[in-house]
Amino acid sequence: EYKRSCEEASLRMVLAFYGIETNDMEIVERVGYNPRPWDIKNNIWDDPNKMFVGSIDDPNKSGYGAFAPAIASAAKTFGHDAESYLGVSAQFIAEQIYNSYPVIVWGFFNTPPFTKYSWKTPEGIKITAYRGEHARVVVGVLGDPMNPVGFLLHDPLTGEKDVYWSASRLMTQMNMFGNLTNQAVVVR
């Protein structure tokens, strides 16, 4: 619904799976939203583990997004148990799908080169992030949980549904920057 709301749109899709209708702005408000710009001079910005960082759609303001812990916290406000994970495997994702839990995963929306950058929160915590961050929802699996061959994804940016990715493609993208890109949220 907004230029930078892929994480919120992914959670919206998962909530719809559970029969909860909402919109990206309601979700981002539950994630935490204070759309202030990046203070480049002092290199200070907010924490994507705790809230949405920057502006969700203003092209004149800088914006980034949110990481798995903030999305899981927002999911809980809709009455569902949710957990964020780092360093997940293809087997973990497949197991969740076999248990009928869609999985929000982080990765990229563009092609290399990918750039890491960092800033500090007002509390002095160093945040490392990457340009091109993008979230999608894994909704299906091909193969068994111990040996998944591929996955079906819904992409909030393109609107495509049931897009097939091999397990190796998904894991290569998710492991590009270790736990920075290998994030997931499971809503139960």
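In this predicted model, the largest nonpolar core holds 38 residues, of which Leu11, Tyr64, Ile104, Trp106 and Trp119 touch the most other members. A nonpolar core here is a set of buried Ala, Val, Leu, Ile, Met, Phe, Trp, Tyr and Cys residues joined through side-chain atoms within 4.5 Å, and buried means under 20% relative accessible area with a 1.4 Å probe and protein chains only. At least two residues of this core come from each of α1 (6–17), α2 (24–31), α3 (68–76), β4 (103–108), β5 (116–120), β6 (126–130), β7 (133–144) and β10 (183–187), and α3 provides the largest share, 6 residues. These elements are DSSP runs numbered from the N terminus, helices being H or I of at least four residues and strands E of at least two.

Leu11, leaving aside neighbours within four places in sequence, is in contact (heavy atoms within 4.5 Å) with Ile27, Ile71, Ala74, Ala75, Ile104 and Val187.

Turning to open space, the 37 residues that line the largest pocket include Lys3, Arg4, Ser5, Cys6 and His134 as the closest to its centre. α1 gives the most to this lining, with 6 residues.

Residues are numbered from 1 along each chain as its sequence is written, and side-chain values use heavy atoms, with hydrogens and water left out. Because the model is predicted, local features need pLDDT of at least 70 and side-chain atom pairs count only at pLDDT 80 or more, whereas totals for chains, interfaces and linings use all residues.

Key: Buried < 20%, exposed > 50% of the residue type's maximum accessible area, 1.4 Å probe, protein only. 1 Å grid on protein atoms, 1.4 Å probe; cavity = no way out; pocket = protein on both sides within 12 Å on 5 of 7 lines; lining within 4 Å.
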